[in-house]
Amino acid sequence: MALDPAFIGRSYPPTDPYEVGREKIREFATAIGDANPAYTDAEAAKALGHQDVIAPPTFPFAIAFRAAGQVVEDPELGLDYSRVVHGDQKFQYSRPVQAGDRLTVAVTIDNIKSLAGNDVLTVRGEVADETGEHVVTAIMTLVARAADVAGE
């Protein structure tokens with residue numbers, strides 16, 4: 001059954017704060033193979049004008065995706081997560097994420113459409129620091145694949 005477009009615009013409460021640690025940034029940079037010293041060396045980051053090490057640009061995916069769990073698990077929406085694949089990801093930054101940030105994410109369903117029998121869901125995560133200042137907007141597209149003819 002197709003997702004109801006009436007859910008477009010539905011917002012969910014902000015997550016509890018996530019404290020960005022130097023080690024998490026280092027682990028993430030290592031995992032993606034990015035050796036930029038601004039991700040691992042505080043002095044290198046300070047030389048670039050930052051207060052501490054900064055995170056790679058895709059780092060907020062981890063916390064935004066967790067926040068999007070509120071959408072995925074919303075029983076009223078009725079999304080079958082066993083059929084979901086990640087379709088796209090975009091980030092719009094006000095400033096880099098840095099070690100010591102305490103970030104919250106508030107998610108909103110921006111769009112729902114049907115494409116070739118698949119449900120395409122766009123979820124926007126507004127990431128803010130503990131003062132409420134915008135840090136980054138994470139926009140993800142989730143695709144719930146259509147059931148096959150056999151009713152799977």
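Among the elements of the chain, mean pLDDT (the predictor's confidence in each residue, from 0 to 100) is lowest for helix α3, residues 61–72, at 94, and highest for strand β1, residues 18–19, at 98. Helices (H or I, at least four residues) and strands (E, at least two) are DSSP runs, numbered from the N terminus. The chain has a mean pLDDT of 94, with 97% of its residues at 70 or more. The model is predicted: local features need pLDDT of at least 70 and side-chain atom pairs count only at pLDDT 80 or more, while totals for chains, interfaces and linings use all residues. Residues are numbered from 1 along each chain as its sequence is written, and side-chain values use heavy atoms, with hydrogens and water left out.

An open sheet is formed by 5 strands in the order β1-β3-β4-β5-β2, with antiparallel pairing (two strands pair if DSSP finds at least two bridges between them). Strands β1 and β2 (84–93) stand at the edges with a single partner strand each, so one side of each has no neighbour in the sheet. Strands β3 (residues 102–115) and β4 (residues 118–128) are paired over 11 bridges.

Beyond four places in sequence, the contacts of Ile109 (heavy atoms within 4.5 Å) include Phe7, Tyr12, Val71, Leu77 and Leu121.
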